[in-house]
Amino acid sequence: MATIRIDVWLYGALAHYGGNPDERVFANPQVSIPEGSALRDLLKALKMDTQERGITFINGDLSAMPGIQPDLDHPLKDGDRVAFFHLQSMWPFQYRHGVGMIAELQQAMLESEDSGLHHTYQSGKES
Amino acid sequence: MFFVRVNMNDRTYQVTETPPEYRHLAGRGLTSTLVANEVPPLCHPLGPNNKLVFAAGFLSGTSAPTSARISVGAKSPLTGGIKEANAGTSWAADLAAMNIQALIIEGQPKEKGAYWGITITWEGKPKVEFFESTQYTGKVLPDVYPAMYEKYGDKISVCGVGMAAEHGYGNSGVVFNDMHKRPTRYAGRGGMGAVMASKGLKFIVLNRMGAPGMPIVDKALFEEGRKKMIDALRTHAITKPKGALNTYGTAVLINIMNEAGGLPTRNFSSGRFEGAPRIAGEAIFETNKKRKGEEIYNHACSPGCIIQCSNTIFDEKGDEITSCLEYESDWSLGADCGIDNLDDVAQLNALCNAYGLDTIETGTTIAVAMEAGVIPFGDSKGAINLVHEMGKGTPIGRILGAGAATTGRVYGVTRVPVVKGQAMPAYEPRAVKGIGITYATTTMGADHTAGYTIAPEILGVMGKQDPLSPEGKAALSRAFQATTAFIDSSGHCLFIAFAILDIASGYQGMIDEVNGVLGTSWTADDILKQGAEILKAERRFNEAAGIGKEADRMPEFMKTEPLPPHNNVFDVPDAALDSVFAEL
């Protein structure tokens with residue numbers, strides 16, 4: 001079966017999914033997965049539970065925030081850059097207002113409470 | 001409450017009751033209103049007619065959490081417009097405890113090169129005394145700050161200016177003591193240091209002993225609000241103990257902005273820096289852990305702060321290089337200069353603190369100089385040398401000390417990331433267009449702290465506009481700027497906004513706290529209106545100073561040069577930018 005190669009960036013506590021169990025700063029593994037895979041398949045290949053990740057980017061476009069993960073079925077293609085952040089990261093609203101988002105997240109934000117005008121989206125706004 | 005006016009013409013002072021029209025103003029609202037009312041808009045910022053105003057927030061000096069902010073206002077030598085810069089420090093709480101609502105520094109001594117300090121003590125009302133300070137000039141701040149504690153004891157708070165201010169730089173801050181009596185907490189932006197130095201004033205020493213403390217009209221309401229605020233800050237993911245800010249500090253944004261393609265790199269020529277992970281908050285935390293043998297969580301910049309986001313960078317021997325290295329400083333002295341050596345970035349930050357330079361303006365200026373070929377991008381040792389030149393006041397140091405805009409003019413650089421003469425902070429407007437609208441339109445010149453939001457009800461100001469359309473973003477920026485002007489008046493650190501936007505009881509807590517202190521019954525609508533009035537006063541001053549809507553624009557290169565990796569330009573129409581203040 002044909003495979004695609006994904007340029008994966010893992011930050012903070014997620015860095016150990018890159019292969020070095022002691023790494024806590026960042027890791028940049030190149031992960032091969034079958035053609036036609038979606039983001040959930042990449043998570044499976046990394047052996048990372050989706051709830052462990054927070055802010056996520058696909059090719060520099062925001063695709064998920066803690067509490068909003070509409071990107072699990074987002075198709076990936078060869079050479080995509082996917083970045084996963086740990087849950088202690090943050091990105092306040094005013095510093096991301098107007099950034100590139102994948103269409104699925106843009107839709108989910110508009111449909112979320114207060115059109116997404118929040119800093120965090122976890123239940124109870126707490127972690 | 002009192003107004004204390006210090007006249008540096010003849011070194012006299014006056015203490016008066018707060019005039020009724022200023023009774024319900026504090027922090028930025030008070031500094032900006034006073035400057036707008038009393039400073040001739042066309043005066044020279046470093047001349048005798050400018051005034052330097054200090055005002056603590058409504059809640060400074062109380063037990064409200066994270067509330068020891070001091071605002072410093074004047075006409076800016078960097079932008080030529082109105083300026084408010086603020087810092088977190090015990091100095092704010094002490095000024096409020098002495099019931100000084102505004103400290104206004106006026107005039108200018110005739111003696112060139114002579115400096116004085118003032119002490120303010122409590123003797124039934126504030127008492128000002130002058131002392132010679134010329135002997136403390138021409139030296140780095142860490143070498144002269146301890147002299148104030150030796151002279152006036154441990155119970156004081158100290159405000160001062162460094163060599164950058166003595167040189168008259170547009171890039172020079174006013175510094176305040178941190179929790180360890182060190183000169184590290186800066187009202188950094190816009191050259192407020194040079195305004196203070198132009199008045200022959202080197203230090204302002206406060207000793208609150210015997211002072212009555214900040215009066216609270218409705219203590220029960222204040223307590224209720226305070227508890228709501230504490231609950232919000234202690235439970236929100238960003239502000240809680242061992243949360244994002246307490247663990248990684250604001251530098252946690254380095255990797256985020258880099259992945260978003262919005263981390264300005266090598267003088268705003270790219271949105272992504274390959275060295276970002278090596279200078280980011282995660283790297284700082286892990287490097288400290290390795291060097292100190294334990295996890296080091298961040299500390300408070302000022303008394304009563306429960307967010308505690310200030311980090312420390314330790315060297316290989318475990319000794320401190322600098323504290324604190326904020327995201328914007330880390331970015332400007334790191335990514336924007338193409339520097340990925342964390343220890344050298346920390347060293348640059350420490351030098352800025354020692355000379356009294358604004359870290360954002362310094363990094364962006366060096367990046368412009370790098371683009372001009374003065375030194376190569378990535379040359380961290382060369383950058384350290386340039387900061388020393390700035391401190392020493394050599395010819396090239398003075399060019400750089402005038403800021404990024406002047407440096408660009410001197411070297412013929414066209415890619416100069418400034419608005420109204422002030423260098424842009426760490427969020428690329430071509431990638432984050434919402435903040436670009438705020439950069440362009442704020443009265444302060446490009447400023448990342450001008451547009452925070454505190455309540456989702458703000459969406460109501462947009463009517464049926466799409467929040468992602470240019471018009472929708474402009475409407476949100478207008479509301480963000482108004483709410484920020486109020487937070488900057490409250491005495492709270494802006495970072496409370498992270499918690500209270502998401503936790504409605506926290507937002508109500510802030511309103512209750514302020515109403516408790518003042519005995520008012522302000523509502524959420526009143527807060528938005530007050531913020532808007534502050535912006536209007538600032539705008540009036542700027543227009544009279546020759547800074548009208550034509551200045552509410554991004555630099556040309558951002559409209560024509562696509563920014564990798566997204567390859568976007570800043571395409572928000574001028575009409576949308578104009579609507580921010582036209583519809584205020």
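Two strands are said to pair when DSSP finds at least two bridges between them. In this predicted model, strand β4 (residues 56-58) of chain A meets that condition with strand β5 (residues 61-64) of chain A, since three bridges join them in an antiparallel run. Look for A:Phe57, which stands opposite A:Leu62 in β5(A).

**A positive phi at A:Asp114.** Staying with chain A, A:Asp114 lies in the segment after α2 (103-111). Its phi is near 55°, a positive value in a residue other than glycine. As background, most residues other than glycine have a negative phi.

**Chain B in contact with chain A.** Here 41 residues of chain B are in contact with 35 residues of chain A. On the chain B side, several helices each supply at least two residues: α7 (244-248), α8 (253-259), α10 (281-292), α17 (433-441), α18 (470-490) and α19 (496-502). Sorted by class, the side of chain B that touches chain A has 24 nonpolar, 11 polar and six charged residues.

**Domain 1 and domain 3 of chain B, seen where they touch.** Chain B is divided into domain 1 (2-207), domain 2 (249-416) and domain 3 (433-494 + 522-582). Taken over C-alpha atoms, the centres of domain 1 and domain 3 of chain B are separated by 28 Å. Their contact takes 31 residues from domain 1 of chain B and 21 residues from domain 3 of chain B. On the domain 1 side, α1 (27-38), β4 (69-75) and β5 (82-88) of chain B each supply at least two residues. The largest share of that side, seven residues, comes from α1(B). By class, the residues on the domain 1 side divide into 11 nonpolar, 15 polar and five charged.

**Strand β1 of chain B with its partners β6(B) and β2(B).** Strand β1 (residues 2-7) of chain B runs parallel to strand β6 (residues 100-106) of chain B, and six bridges join them. A handy pair to find is B:Val4 with its bridge partner B:Leu103 in β6(B). With strand β2 (residues 12-17) of chain B, β1(B) runs antiparallel, joined by six bridges. Here B:Arg5 stands opposite B:Gln14 in β2(B). The hairpin of β1(B) and β2(B) has four residues between the strands, and B:Arg11 takes a positive phi near 55° there.

**A six-stranded open sheet in chain B.** To trace this mixed sheet, follow the order β8-β7-β12-β9-β10-β11 in chain B. Its edge strands are β8 (126-132) and β11 (183-187) of chain B, each of which pairs on one side only. Ignoring direction, neighbouring strands of the sheet are turned by 25° against each other on average. Zoom in on strand β7 (residues 116-122) of chain B, which pairs with β8(B) in the antiparallel sense over seven bridges. Within this pairing, B:Ile118 stands opposite B:Phe130 in β8(B). Helix α3 (residues 141-152) of chain B packs on the sheet, touching β7, β9 (156-160), β10 (174-177), β11 and β12 (201-207) of chain B. The direction of α3(B) makes about 145° with that of β9(B).

**Helices α6 and α20 of chain B, crossing.** The axes of α6 (residues 219-235) and α20 (residues 504-518) of chain B come within 7 Å and cross at roughly 150°. Because of that angle, α6(B) is roughly antiparallel to α20(B). The crossing in which α6(B) passes α20(B) is left-handed. Residues making the contact include B:Leu221, B:Phe222, B:Gly225 and B:Met229 of α6(B), together with, among others, B:Gly509, B:Met510, B:Glu513 and B:Val517 of α20(B). The contact residues divide into seven nonpolar, seven polar and seven charged.

You can find B:Cys324 in the loop between β14 (320-322) and α11 (327-333) of chain B. B:Pro565 sits in the loop between α22 (557-560) and α23 (574-582) of chain B. For context, most peptide bonds are trans.

Terms used: Residues numbered from 1 in each chain as written. Chains lettered and ligands numbered in written order. Predicted model: local features only at pLDDT ≥ 70, side-chain atom pairs only at ≥ 80, totals over all residues. Contact = placed C-beta atoms within 7 Å. Nonpolar A, V, L, I, M, F, W, Y, C, P; charged D, E, K, R; others polar. Domains from an automatic or database assignment. Axes fitted to C-alpha atoms, helices over the stretch in contact; angles between N-to-C directions. Parallel < 35°, antiparallel > 145°, perpendicular 65-115°, else oblique. Left-handed = near helix turned anticlockwise from the far one by under 90°.
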